[in-house]
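Biologist: I am new to this structure and would like to learn how to read it. Could you walk me through it, one feature at a time?

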Amino acid sequence: MVVTDVDGLLARHDTMRLTEHALYEAYKESLRAKDIFYAIFNGEILEHYPNRQRVLIVGPTARFDLQIHVVCEYTGKKEILAITVYVPDRPRWASDWDRA
């Protein structure tokens with residue numbers, strides 16, 4: 001499957017789930033599950049990892065003026081799985097959208 005945008009990803013799957021790891025990483029950044037879902041639904045695909053059937057989504061949080069990154073896996077036919085969440089920081093990221 002070729003994924004070109006978040007809407008296309010969401011249209012092909014019935015459910016979305018957050019891993020414990022994603023929730024733990026979000027908690028460390030003072031984020032909640034609703035922030036992760038909000039970022040996914042309102043974000044855009046930044047990078048594709050086709051060999052692993054994963055995408056990196058950048059999107060806003062529900063409660064803060066902050067962009068977060070969410071790595072989602074779409075290997076299952078019915079489910080999108082949020083694998084991890086993080087706030088892009090230096091030196092890995094020059095901005096929320098650009099790698100350093």
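Biologist: Which residues touch the most other members in the largest nonpolar core?

Modeller: Let me first say what we are looking at. This is a predicted model, where local features need pLDDT of at least 70, side-chain atom pairs count only at pLDDT 80 or more, and totals for chains, interfaces and linings use all residues. Residues are numbered from 1 along each chain as its sequence is written, and side-chain values use heavy atoms, with hydrogens and water left out.
A nonpolar core is a set of buried Ala, Val, Leu, Ile, Met, Phe, Trp, Tyr and Cys residues joined through side-chain atoms within 4.5 Å. Buried means under 20% relative accessible area, exposed over 50%, and partly exposed in between (1.4 Å probe, protein chains only). Here the largest core has 23 residues, and those touching the most other members are Ile36, Ile40, Val55, Ile57, Val70 and Cys72. At least two residues each come from helices H1 (6–11), H2 (20–28) and H3 (33–42) and from strands S1 (15–18), S3 (54–60), S4 and S5 (79–86). A second, separate core has five residues, among them Leu56 and Trp93.

Biologist: What does Ile36 touch, leaving out residues up to four places away in sequence?

Modeller: Contact means heavy atoms within 4.5 Å. By that rule the partners of Ile36 include Leu18, Ala22, Ile68, Val70 and Val85.

Biologist: How many helices and strands does the protein have?

Modeller: Helices (H or I, at least four residues) and strands (E, at least two) are DSSP runs, numbered from the N terminus. The protein has three helices and five strands, and their order from the N terminus is α-β-α-α-β-β-β-β.

Biologist: In which order do the strands lie in the sheet?

Modeller: Strands of a sheet pair through backbone hydrogen bonds, either parallel or antiparallel. Two strands count as paired if DSSP finds at least two bridges between them. In this model the five strands form an open sheet with mixed pairing, in the order S1-S5-S4-S3-S2. S1 and S2 (44–49) each have a single partner strand, so one side of each has no neighbour in the sheet. S1 and S5 run parallel, joined by four bridges, with Met16 opposite Ile80. S2 and S3 run antiparallel, joined by five bridges, and Ile45 stands opposite Ile57.

Biologist: Is His69 buried or exposed?

Modeller: His69 sits in strand S4 (67–73) and counts as buried because its relative accessible area is 0%. A polar atom of the His69 side chain lies 2.7 Å from the backbone oxygen of Asp96. Beyond neighbours within four places in sequence, the contacts of His69 include Leu46, Ile57, Tyr86 and Trp93.

Biologist: Where does Glu25 lie?

Modeller: Glu25 is in helix H2. Its relative accessibility is 16%, so Glu25 counts as buried. Glu25 touches Thr84 and Val85, not counting residues up to four places away in sequence.

Biologist: And the protein as a whole: what radius of gyration does the protein have?

Modeller: This value is taken over C-alpha atoms, and the globule rule is 2.2 Å times the number of residues to the power 0.38. With 100 residues, a compact globule would come near 13 Å, and the protein agrees, at 13 Å. Of the 100 residues, 42% count as buried.

Terms used:
A polar contact is a pair of N or O atoms within 3.5 Å; within protein, one must be able to donate a hydrogen and the other to accept it, and residues adjacent in sequence count only if both atoms are side-chain atoms.
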